[in-house]
Amino acid sequence: MNLLDILFPNRCLSCNTIITGDGLICEKCYSKVNFTHWEHLSPNPLEKRLALFFNIQHAYALMNFEKKGLSQKIIHQLKYGKRENIGKTLAFWCYERIHLKPSIDYLVTVPLHPSKLKKRGYNQLHLFADTLSQLWNIPHFKNFLTRETFNSAQAQKDRVHREQNKVQFQLNSEIKNKHILLIDDVCTTGGTLSSCAWELIKNQNTVSVLVMAID
């Protein structure tokens with residue numbers, strides 16, 4: 001143990017107990033995470049929601065997003081707390097809990113607008129997807145899509161304003177006829193995922209979706 005570990009020990013994000021290594025939460029609080037448990041549910045709630053927007057193949061969500069709950073705290077620390085490494089932990093949780101259906105060719109992450117990326121310093125999805133890429137042995141394309149419009153944080157808007165503030169994306173690849181797993185952090189209305197999916201579908205690709213949490 002080095003001096004920094006002594007002065008600034010790692011603490012459970014939920015109960016503040018000191019934990020070893022670079023873990024996220026203690027063993028006791030892990031049982032409090034509201035995982036979806038959709039293994040035998042078809043269609044699941046995320047598939048039903050996104051099917052209203054586009055022809056989705058499969059959908060997976062790791063957690064249910066609880067406002068002021070543990071799942072919100074985890075994702076907010078990942079996005080705004082400069083704790084990019086949380087993405088790696090969530091990837092391992094996905095690998096343990098989500099049984100990905102075969103035939104996925106590429107992982108594609110929802111991009112940040114360049115100005116937001118510069119301000120935050122990282123895309124909160126990249127380490128998450130890079131880790132899953134290694135675990136599942138599926139290539140991750142970071143720059144498959146670019147964001148053409150800048151939106152302030154979706155979580156801070158009500159449903160009406162989210163619907164009015166449509167996000168525009170552009171496809172940067174000529175890849176066609178592939179099965180893409182589109183990855184985002186939280187699905188709220190489904191508008192952002194839909195905008196990305198339609199860009200992929202224009203190139204005759206099929207789309208499945210994975211999110212860290214569903215609101």
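In which strand is Ser 208 found? I looked it up and found Ser 208 in strand S7, residues 206-214, where strands (E, at least two residues) and helices (H or I, at least four) are DSSP runs numbered from the N terminus.

Before going on, I noted that this is a predicted model, in which local features need pLDDT of at least 70 and side-chain atom pairs count only at pLDDT 80 or more, while totals for chains, interfaces and linings use all residues. Residues are numbered from 1 along each chain as its sequence is written, and side-chain values use heavy atoms, with hydrogens and water left out.

Ser 208 counts as buried because its relative accessibility is 0%, buried meaning under 20% relative accessible area (1.4 Å probe, protein chains only). I saw that its side chain reaches the backbone nitrogen of His 58 at 3.1 Å. Leaving aside neighbours within four places in sequence, Ser 208 is in contact (heavy atoms within 4.5 Å) with residues including Ile 56, Gln 57, His 58 and Ile 104.

I then turned to Asn 44, which lies in the loop between helix H2 (27-30) and helix H3 (45-50). Asn 44 is buried too, with a relative accessible area of 4%, and its side chain reaches the backbone nitrogen of Glu 47 at 2.9 Å. Not counting residues up to four places away in sequence, Asn 44 touches Trp 38 and Ala 59.

Last, I looked at a pair of helices: Ile 74, Gln 77 and Leu 78 in H4 meet Ile 86, Gly 87, Leu 90 and Trp 93 in H5.

Key:
Buried < 20%, exposed > 50% of the residue type's maximum accessible area, 1.4 Å probe, protein only. Polar contact = N/O pair within 3.5 Å; in protein donor to acceptor, adjacent residues only side chain to side chain.
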